[in-house]
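Cut-offs are given as each term comes up.

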Amino acid sequence: MTLKATPLNSAHRALGAKMVDFGGWDMPVNYGSQIEEHNAVRSDAGMFDVAHMCVVDIKGANTRAFLRGLLANNVDKLQVPGKALYSCMLNTEAGVIDDLIVYFLAEDWFRLVVNAGTADKDVAWMNAQNVASGAGVTITQRRDGNDPIALIAVQGPNARAKVWQVLPNAQAASENMKPFNVVIVPDTAFGEAMIARTGYTGEDGFEIGVPAAQAEALWNAFVAAGIAPAGLGARDTLRLEAGMNLYGQDMDETVNPLDAGLAWTIDLVSERDFIGKAALQAKGQNFQFVGLILREKGGILRAHQRVVAASGNFGEITSGTFSPSMQQAIALARVPMDVAVGDTVHVIIRDKQLAASVVKLPFVRNGKVLAA
Amino acid sequence: MNIPADLKYTESHEWVRREEDGSLTVGITEYAQDALGDIVFVELPQVGKAFNAGDDAAVVESVKAASDIYSPVSGTVSAVNQPVADAPDSINSDAYSAWLFKLTPTDAGAFDKLLDADAYGKTTGN
């Protein structure tokens with residue numbers, strides 16, 4: 001099977017990246033040291049090829065109404081053009097089909113960004129719901145085929161300043177933009193650029209979309225401006241420290257978002273109906289989603305390791321790693337309801353039960369360690 | 001990829017050096033540390049533990065993966081390198097000086113049956 005490649009594939013190879021198969025995509029896991037790349041993002045500026053993710057444009061007079069029913073979070077929170085919202089898209093059993101960001105551009109145009117591995121499934125689901133609801137919107141994925149948009153995420157305390165060095169035309173439009181907003185700048189040196197103040201690292205920065213044919217030139221200009229290329233290894237340690245879920249690992253179609261720490265992304269307060277609402281209300285929350293910090297030497301916390309609470313009830317780690325910023329093993333875990341923040345639990349690693357502290361997420365935000 | 005000619009090797013990427021007193025020093029190769037990425041945890045055996053060839057002797061973990069390190073020959077652990085356990089990334093910096101443990105082999109001739117640098121190089125495509 002041939003792996004899929006983003007427009008930045010040659011650029012990664014020219015930089016000596018170690019390439020891996022990531023869900024069918026040929027992607028860079030690091031360019032030498034993932035710990036150095038992680039630290040560059042926390043202290044300066046690093047960038048990620050996220051062109052495997054998929055922009056989906058939804059257009060038409062009924063777009064808002066369509067999305068009100070489709071998404072678990074409420075797009076009526078988006079009233080000012082440019083505002084963005086993080087949401088899950090649920091199936092009728094309240095399982096998570098994907099997590100995504102939706103950007104409000106105009107009453108007849110909302111833009112979604114969905115995960116790489118789920119894009120085809122997501123678009124098929126949206127098309128089916130479009131037919132079932134009679135909304136009559138047009139749904140256009142912008143990754144494969146005509147007029148593709150490639151995404152690059154630039155993250156870190158110096159990220160925005162370095163982006164403006166390379167995209168000076170975008171500075172006026174984006175320098176006063178608050179977090180979780182987007183602006184489209186039509187006339188940069190790299191074509192029309194979507195500039196969103198969003199990210200997956202817990203640092204400030206921009207996620208930038210340009211025509212795919214311009215992506216390599218933009219990437220190389222960012223390298224010249226001193227932005228450090230960072231691969232999937234660093235992407236995972238950064239997002240885990242930031243307490244951000246990874247679809248396919250922390251939740252999937254068999255997981256209820258209330259059990260994955262995503263209650264804050266679901267609007268159950270308004271009268272609005274949405275796909276999965278009834279099942280969600282019927283099931284309720286049955287697990288807590290917490291952070292763990294390993295307190296005894298004996299290994300690294302990893303996905304699927306079992307967690308034993310003081311009560312003897314079991315939980316499971318969904319994502320684990322060694323935190324470069326904290327120099328400790330940390331994890332996200334689904335644990336029984338009788339576990340409290342501040343408790344000590346035990347993680348089973350190679351036949352030993354090692355003590356871990358239960359902490360509130362996130363571990364790290366804006367370069368600062370919050371959990372200790 | 002550096003594969004010193006004066007060491008012996010296993011297919012599971014351990015390097016082995018015979019000392020003047022007949023003891024064997026064991027570590028992991030440059031190829032192995034490169035494949036693992038940044039190493040963040042090392043678990044060493046207890047001094048005095050006896051192993052058969054191929055037994056799990058130590059663990060080296062990077063962010064990506066946990067890797068078992070096998071005893072290359074039968075023997076008893078005579079020393080462990082605690083400074084490497086305390087600074088796991090030293091394996092990435094210099095795999096051939098960051099030894100993990102020393103063995104007193106039960107059979108002095110077993111060392112000679114390990115792979116030489118050329119043979120190990122072939123197994124890693126070098």
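**A helix pair in chain A**

Helix α2 (residues 34-43) of chain A packs against helix α8 (residues 232-241) of chain A at an angle of about 55°, and their axes are 8 Å apart. That angle makes α2(A) oblique to α8(A). Axes here are lines fitted to C-alpha atoms, for helices over the stretch in contact, and angles run from 0 to 180 degrees between N-to-C directions. Angles under 35 degrees count as roughly parallel, over 145 as roughly antiparallel, 65 to 115 as roughly perpendicular, and the rest as oblique. Helices (H or I, at least four residues) and strands (E, at least two) are DSSP runs, numbered from the N terminus.

This is a predicted model: local features need pLDDT of at least 70, side-chain atom pairs count only at pLDDT 80 or more, and totals for chains, interfaces and linings use all residues. Residues are numbered from 1 along each chain as its sequence is written, while chains are lettered from A and ligands numbered from 1 in the order in which they are written.

Which residues of α2(A) meet α8(A)? They are Q34(A), E37(A), H38(A) and V41(A), and they meet G233(A), A234(A), T237(A) and L238(A). Contact means that the C-beta atoms, placed from the backbone, lie within 7 Å. By class, the residues of this contact of α2(A) with α8(A) are three nonpolar, four polar and one charged. Ala, Val, Leu, Ile, Met, Phe, Trp, Tyr, Cys and Pro count as nonpolar, Asp, Glu, Lys and Arg as charged, and the others, Gly among them, as polar.

Next come the domains. Chain A is divided into domain 1 (9-52 + 146-240), domain 2 (54-141) and domain 3 (287-372). The bounds come from an automatic or database domain assignment. The C-alpha centres of domain 1 and domain 2 of chain A lie 24 Å apart. Eleven residues of domain 1 of chain A touch eight residues of domain 2 of chain A. On the domain 1 side, six are nonpolar, five are polar and none is charged.

Now the contact between chains. Chain A gives ten residues and chain B gives eight. In chain A, α2, α8 and β16 (314-323) each supply at least two residues of the side that touches chain B. That side has three nonpolar, seven polar and no charged residues.

Turn to the sheets. In chain A, six strands form an open, mixed sheet in the order β10-β11-β12-β9-β3-β13. β10 (182-188) and β13 (228-229) of chain A stand at the edges with a single partner strand each, so one side of each has no neighbour in the sheet. Strands pair if DSSP finds at least two bridges between them. Strand β3 (residues 46-49) of chain A and β13(A) pair in the parallel sense over two bridges. There, G46(A) has A228(A) as its bridge partner. Helix α5 (residues 159-166) of chain A packs on the sheet and touches β9 (149-155) and β12 (205-211) of chain A.

Strand β4 (residues 54-59) of chain A runs antiparallel to strand β7 (residues 109-114) of chain A, joined by six bridges. D57(A) is the bridge partner of R111(A). Four bridges join β4(A) to strand β8 (residues 138-141) of chain A, also antiparallel.

Chain B has an open sheet of six strands, β1-β2-β3-β9-β8-β5, with antiparallel pairing.

Methods
Two residues are in contact if their C-beta atoms, placed from the backbone, lie within 7 Å.
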